[in-house]
Amino acid sequence: MILDHDPTRLMAPAGVPAPSGHLADNLLAFTRLLRRTGLPLGPGEAIAGLEALTEIDIADRRQVHAALRAVMVHRREHFEIFDQAFQLFWRDPEAAAHAAAMALMEANKTPQEKAPPASRRLAEAMQADKPKPPKPVEEPPQHEMTFSVSERERLQSMDFEAMSAAQIAEAKREIRRLTLPLDEQRTRRFRPDPLGPMADLRATVRQSLRSGGEILELSRRRRVTRPPPLVVLCDISGSMARYAQILLHFLHAVANDRDRVHTFLFGTRLTNITRQLRHRDPEVAFETIAHIVPDWSGGTRIGESLALFNRLWSRRVLGQGAVVLLITDGLDREGAAGLAEATERLRGSCRRLIWLNPLLRFEGFQPKSQGIRAMLPHVDEFRPVHSLNSLRELVATLSDRRAAHRGRMAA
């Protein structure tokens with residue numbers, strides 16, 4: 001059986017027992033397409049797919065689809081991408097044109113009309129197949145570099161709200177590289193350590209039984225240390241929506257880099273997204289979050305949301321010296337009703353409460369709103385969160401044991 005020169009059509013003449021001719025080339029092109037969409041495929045999957053086609057009736061398109069998916073896809077969340085890519089690559093000759101049109105129209109769609117993440121990624125991968133026209137040879141422009149600043153350096157200090165779509169995409173890539181190594185705290189547990197500072201009498205006695213009760217060597221131990229839990233409460237109201245969308249990429253990177261990270265979103269209600277944010281694929285994670293968060297870009301009830309968290313979740317997630325990041329601008333539609341009490345109780349339940357407010361990007365910022373004045377006396381630190389530099393400073397602060405000690409002393 002062979003394939004014609006068009007890689008979007010699967011020809012299946014009967015009577016040929018094994019894949020040959022253009023089939024291997026087109027299967028290799030299909031594998032490359034899947035890799036560009038983000039599927040973890042390599043030469044092994046391509047070879048396995050070619051071998052699988054020798055065991056089925058290639059005239060039956062359903063068998064071809066099932067065989068390739070069985071040997072090339074290893075995770076359930078990749079099934080949707082594979083199915084769409086198979087339909088476009090093997091059946092529709094105009095697939096690339098449709099995918100390109102879908103990608104061009106994406107920018108003009110509202111959030112409710114946008115295509116699923118799998119479709120967007122497939123459209124970009126199909127568009128990459130088209131050869132780009134050669135650029136005309138031009139004389140290199142002359143730039144005056146005396147007082148210029150590199151685009152990368154300017155991006156570090158640029159406000160998220162002022163970024164273009166391309167700059168936001170670059171900022172998200174930078175954010176995914178950030179890690180959050182919180183300073184480790186001492187626990188009540190011990191572990192055996194030959195160089196430990198403390199003698200372990202029980203282990204010494206147990207070891208002496210092997211030599212008839214004679215103590216030949218002292219067993220030693222060391223106290224176990226581990227990073228404390230991290231709890232994030234992020235405001236997703238209308239005034240915070242743009243920042244929350246970008247900060248979710250930072251929270252996704254943190255949740256997949258360390259354990260004991262609990263994330264909550266609040267606007268007019270409180271939503272726990274801890275489980276959804278642990279998904280390795282950020283697009284799948286954010287799509288799942290969009291389905292369970294009904295109050296995105298709505299109003300803000302900070303006091304009510306914090307009170308609900310204190311009542312339902314504080315005892316579950318704030319143990320063992322948890323650090324809390326409260327991300328909000330402090331603009332509450334209910335004024336300051338119950339906000340001071342809820343913030344004070346939250347501070348008393350954790351080791352360190354850090355308030356991240358994008359309004360601090362303004363040099364002349366003053367806490368004039370009732371909500372900000374009610375919350376400010378009960379936080380350990382009040383920091384900006386509006387740029388890549390502010391996120392890096394936050395990471396440095398959370399990793400500094402001395403800063404944590406100053407925060408406890410100030411409280």
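**Entry 1: the second largest pocket**

I started with the second largest pocket of this predicted model. I counted 11 residues in its lining. R186, T187, R188, R226 and Q320 are the ones that lie nearest the centre of the pocket. For the space inside, I noted about 190 Å³.

Which elements give two or more residues to this lining? I found β1, residues 185-192, and β3, residues 220-226. The largest share comes from β1, with five residues.

**Entry 2: α8 against α17**

Next I turned to helix α8, which covers residues 165-176, and looked at how it packs with helix α17, residues 388-398. I wrote down an angle of about 10° and a distance of 11 Å between the two axes. Angles under 35 degrees count as roughly parallel, so I put α8 down as roughly parallel to α17.

Who meets whom here? On the α8 side I have A171, E174 and I175, and on the α17 side L388, L391 and R392. Going by class, I get four nonpolar and two charged residues in this contact, with no polar ones.

**Entry 3: α8 against α10**

I stayed with α8 and checked helix α10, residues 241-257. Their axes come within 8 Å and cross at roughly 30°. That makes α8 roughly parallel to α10.

Is the crossing of α8 and α10 left-handed or right-handed? I have it as right-handed. From α8, the contact uses I168, K172, I175 and R176. From α10, R242, I246, H249, F250 and A253 take part. I sorted the residues of this contact too, and they divide into five nonpolar, three charged and one polar.

I went back over my notes on α8 and saw I175 listed in the contact with α17 and again in the contact with α10.

**Entry 4: α2 against α3**

My last stop was helix α2, residues 43-53, and helix α3, residues 61-72. At what angle do α2 and α3 pack? I noted about 145°, with the axes 9 Å apart. The crossing of α2 and α3 is right-handed.

In α2, the residues I listed are E45, A48, G49, A52 and L53. They meet V64, A67, L68, V71 and M72 in α3. By class, the contact of α2 with α3 has eight nonpolar residues, plus one polar and one charged.

Methods:
Residues are numbered from 1 along each chain as its sequence is written. This is a predicted model: local features need pLDDT of at least 70, side-chain atom pairs count only at pLDDT 80 or more; totals for chains, interfaces and linings use all residues. Side-chain values use heavy atoms; hydrogens and water are left out. On a 1 Å grid over the protein atoms alone, a cavity is a set of points where a 1.4 Å probe fits but cannot get out, and a pocket is an open set with protein on both sides within 12 Å along at least five of seven lines; lining residues have an atom within 4 Å of a point. Grid points are joined across faces, edges and corners, and a volume is the space filled by probe spheres set on the points. Helices (H or I, at least four residues) and strands (E, at least two) are DSSP runs, numbered from the N terminus. Axes are lines fitted to C-alpha atoms, for helices over the stretch in contact, and angles run from 0 to 180 degrees between N-to-C directions. Angles under 35 degrees count as roughly parallel, over 145 as roughly antiparallel, 65 to 115 as roughly perpendicular and the rest as oblique. Contact means heavy atoms within 4.5 Å. Ala, Val, Leu, Ile, Met, Phe, Trp, Tyr, Cys and Pro count as nonpolar, Asp, Glu, Lys and Arg as charged, and the others, Gly among them, as polar. A crossing is left-handed if the near helix is turned anticlockwise from the far one by less than a right angle, and right-handed if clockwise.
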